[in-house]
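Visitor: I am new to reading protein models. Could you walk me through one?
Guide: Gladly; let us look together.

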Amino acid sequence: MSRFLSVAVLCLLVTAGGACPPGEDEIEIRVLAIMVSEHKDKIDPRLAQFAKQVQKKDPTLIGFRLQHSGRDNLKLGDTQKFQLVGKEVVEVTVNKERNKAGKVVLTIKPPKLDQITYECVCDKYFSMATQYFEGTGKDKEQLFIAIMAKPCGTKK
Amino acid sequence: MNARRFDDLPPDWLAAYADGELTPTERARVEGWLAQNPDANELLDAQESLGPRNGELWDAVCPPTPSLRQWDHTFNQIAPRTVQPRRGWTGWIGSVGLVATAATLLFALPGPQPCCVDAPPDIRDLSPSTPEEEPYLMASTEDVRIISLPEAAASLLIVGEHPMGDGLLVLADRGEIAFLGVGNDLAGRFPALPDDPNAEDAPMIWAPRDE
């Protein structure tokens, strides 16, 4: 029984993870859900550069923490939902293959907003502030999304 | 008159009475006895004269100090009898016995034993003898690819790479991003776009605020 369980867990991990890196015709999409606060002044070190850029626009935002992260391999035309916080998701569609400069065109459907289509360089994140909030008072946090496509080129 | 003797009273009680060391009950008993034995008052007076309440006596008394002659005399009586301790042959037998006992214990008991920690078992002994006893196969980091991960569970990961990777969140700079189409929210409002994406360090989109 225990042997069966171990094999089952292993299969689940490998299957769910799709242990393989993206194929030549696939793009790996990474999505981060970031909760930003005006009261909790703790900043996840991984979000330091992000926090700096956000504070240029809104200095009242002082707390930055990673809520959820996800990734998946998508082919051209594929759409995938990525979990953010609670039941909120963002839909990501690969609209155009990466060009010679490694830029990728993605269409996203964030919470409470219609689609946004943009072209972005690979291996760097595009971010947006949503109008989705959680908590009240000093616990109130705003949801930010950061999305990245990689790798920058196909394998030789 | 058949005067009662000390048979009726513990012999040291009269002295204790004179020194004030008795309990009230005991004192009453002594006083009753003295009333019936008035001759004993003389003895009581003598006791009290030597007791601690006679401060004049004790202040005047001091122990006699031996003279030098007395010291010499005493020392001369002691010195000839003072001898250095010598170990007799029976003492040597005792030592030999101790050495023999130690040697017996040294060779008879098993080798040095760890006091608290058991030696680790030989892994070869744990090899499965049957297919049913095969060890569990654990996936390595290369075997697992985490697709979705709530950050609250990130610290619980045993294998697998965080979906974010090891790096920092680095935003695309100016010139590295272009907005091709932006939809509105449910109220028909459009998000704020950078006035000039090429003028901002990291162009971002801010959804319209719910006022």
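Visitor: Among contacts in chain B between residues at least 6 apart in sequence, what percentage join residues at least 24 apart?
Guide: A contact means heavy atoms within 4.5 Å. In chain B, the share is 34%. Before we go on, please note that this is a predicted model, where local features need pLDDT of at least 70 and side-chain atom pairs count only at pLDDT 80 or more, while totals for chains, interfaces and linings use all residues. Residues are numbered from 1 along each chain as its sequence is written, chains are lettered from A and ligands numbered from 1 in the order in which they are written, and side-chain values use heavy atoms, with hydrogens and water left out.

Visitor: How many helices and strands does chain B have?
Guide: Helices (H or I, at least four residues) and strands (E, at least two) are DSSP runs, numbered from the N terminus. Chain B has six helices and three strands, in the sequence pattern α-α-α-α-α-α-β-β-β.

Visitor: How much area do chain B and chain A bury between them?
Guide: The size of an interface is often given as the accessible area lost when the parts come together. Buried area is counted with a 1.4 Å probe and summed over both parts. Here the two chains bury about 4,800 Å², with 55% of it on carbon and sulfur atoms. B:Arg145, B:Leu169 and B:Trp206 supply 18% of the area that chain B buries against chain A, more than any other three residues. The contact takes 50 residues from chain B and 57 residues from chain A.

Visitor: Why does B:Asp185 count as buried?
Guide: Buried means under 20% relative accessible area, exposed over 50%, and partly exposed in between (1.4 Å probe, protein chains only). B:Asp185 counts as buried because its relative accessibility is 8%. This residue lies in the loop between S2 and S3 of chain B. Leaving aside its neighbours within four places in sequence, B:Asp185 is in contact with A:Lys112, A:Leu113 and B:Pro208. Its side chain also reaches the backbone nitrogen of B:Arg189 at 2.7 Å.

Conventions. Polar contact = N/O pair within 3.5 Å; in protein donor to acceptor, adjacent residues only side chain to side chain.
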